[in-house]
Each structure stands twice: as C-alpha cells, then as structure tokens.
Amino acid sequence: EKFGAFLPADPAQRAECLSWLFWQVGSAPYLGGGFGHFYAYAPFKIEYAIDRFAMEVKRQMDVLDRRLAEAEYLGGDDYTIADMAVWPWYGAMAKGLLYEGGEFLQVHEYKNVIRWTDQVGERAAVKRGRMVNRVNGDPASQLRERHDASDFETKTQDKLDAAKAAG
C-alpha cells in the first residue's frame, strides 16, 4: 500500500485481495499447526486428529482450486499480497513439499492450485526470496544472509565455499 504495489486501489478488487489475505491468516493454522503437527511431527499418531485436519486441508485446497478456476490469481487478474501470503503454504502443499503429505492428501487433484503454484513459482522475485535464509539443498540456491541485492550474485553458499577453498 505504501508503494502502490500488490494491493489494488479499486475498492472491489482491494476487498477481494484482502479477503484472501485474511483467509490465509485464518486457514494456515489448520494446515501447519493441525495437519502438519499431527501427520508429521506428533510423537505418536492420533488417527482422529490426522483425519480431522486432513479433511480440513482438503476442503481449503478445494476452496482455493475453485477460486483459481475463475481467476488467474487469488485477487483476480493481478498478482497481489494475497498470493504472496498463501503461496508458501498452499503452493508447497500442492506440490507435495510439506510434511510429505502430498500423496495422502491427493494434492494432484487440485489442478488450478497447481497451475497457480507453478505460475507464482516462476516469478523472479519468488525464486530469489526462496533462496534467502536457506541452509539446505543446492548450495547455489542458499543465500544464508542477505544484506544487498548483489548478494544473490556474490554470496550464495557455493560461491562462499569456493572462495574459502581457494583461500
């Protein structure tokens, strides 16, 4: 809002965007704290809890899928703060990357969410953002500390490792 970007000025579009932003605020705890905890992290499995939160996450994925069947992005035609907030949670789940629960939740069924996930994931800023504070995976994708835009070119872990080895 301060910079006139990622939040529509038109009142109807703004309301749609903010509705999805606050949808994420209310929904993500069921994905992370509910499903994620009981499915992946709880010290012992509680079938009722897993089933309860799995069904809620599937309902949420269906809500997103239906919205994305009618619009390119959550707020409409343009990428907004709502997409930025929802994508890390539900996009990762749609690709089966969270809690190793993709097959269990049958995430492949949510075609519109997958399309949106791929589309958002191709944005240059999203690719850069996923590198920041990363400490695992390909060293070229790890930027453990970011202080300047040039750090993406000069301070990824592969470059730091090479400089250390050379020196």
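Where is the place of Q142? Q142 sits in the loop between α6 (124-131) and α7 (151-154). Helices here are DSSP runs of H or I with at least four residues, numbered from the N terminus. This is a predicted model, in which local features need pLDDT of at least 70, side-chain atom pairs count only at pLDDT 80 or more, and totals for chains, interfaces and linings use all residues. Residues are numbered from 1 along each chain as its sequence is written, and side-chain values use heavy atoms, with hydrogens and water left out.

Stay with Q142. Its relative accessibility is 4%, so Q142 counts as buried. Buried means under 20% relative accessible area, exposed means over 50%, and partly exposed lies in between (1.4 Å probe, protein chains only). The side chain of Q142 reaches the backbone oxygen of G137 at 2.8 Å. A polar atom of that side chain also lies 3.5 Å from the backbone oxygen of N136. Leaving out residues up to four places away in sequence, Q142 touches M131, R134, V135, N136, G137, K155, T156 and Q157. Contact means heavy atoms within 4.5 Å.

Now turn to a helix pair. Helix α2 (residues 47-70) packs with helix α5 (residues 111-121) at an angle of about 70°, and their axes are 7 Å apart. Axes are lines fitted to C-alpha atoms, for helices over the stretch in contact, and angles run from 0 to 180 degrees between N-to-C directions. The two helices, α2 and α5, are therefore roughly perpendicular, a term for angles of 65 to 115 degrees. From α2, M61, L64, D65, L68 and A69 meet K111, N112, V113, R115 and W116 of α5. By class, this contact has six nonpolar, one polar and three charged residues. Ala, Val, Leu, Ile, Met, Phe, Trp, Tyr, Cys and Pro count as nonpolar; Asp, Glu, Lys and Arg are charged; the others, Gly among them, are polar.

Which residues of α5 are buried? They are V113, I114, W116, T117, V120 and G121. These residues cover an arc of only 165° around the axis, which puts them on the same side of α5. The arc is that of the directions from the helix axis to the C-beta atoms. The buried residues of α5 pack against α2, α3 and α6.

F6, in the segment before α1 (11-41), has a positive phi of about 70° although it is not a glycine. F6 is partly exposed, because its relative accessibility is 40%. E100 lies in the loop between α3 (81-94) and α4 (102-105). Its phi is near 50°, a positive value in a residue other than glycine. E100 is exposed, with a relative accessible area of 74%.

Terms used:
Polar contact = N/O pair within 3.5 Å; in protein donor to acceptor, adjacent residues only side chain to side chain. Parallel < 35°, antiparallel > 145°, perpendicular 65-115°, else oblique.
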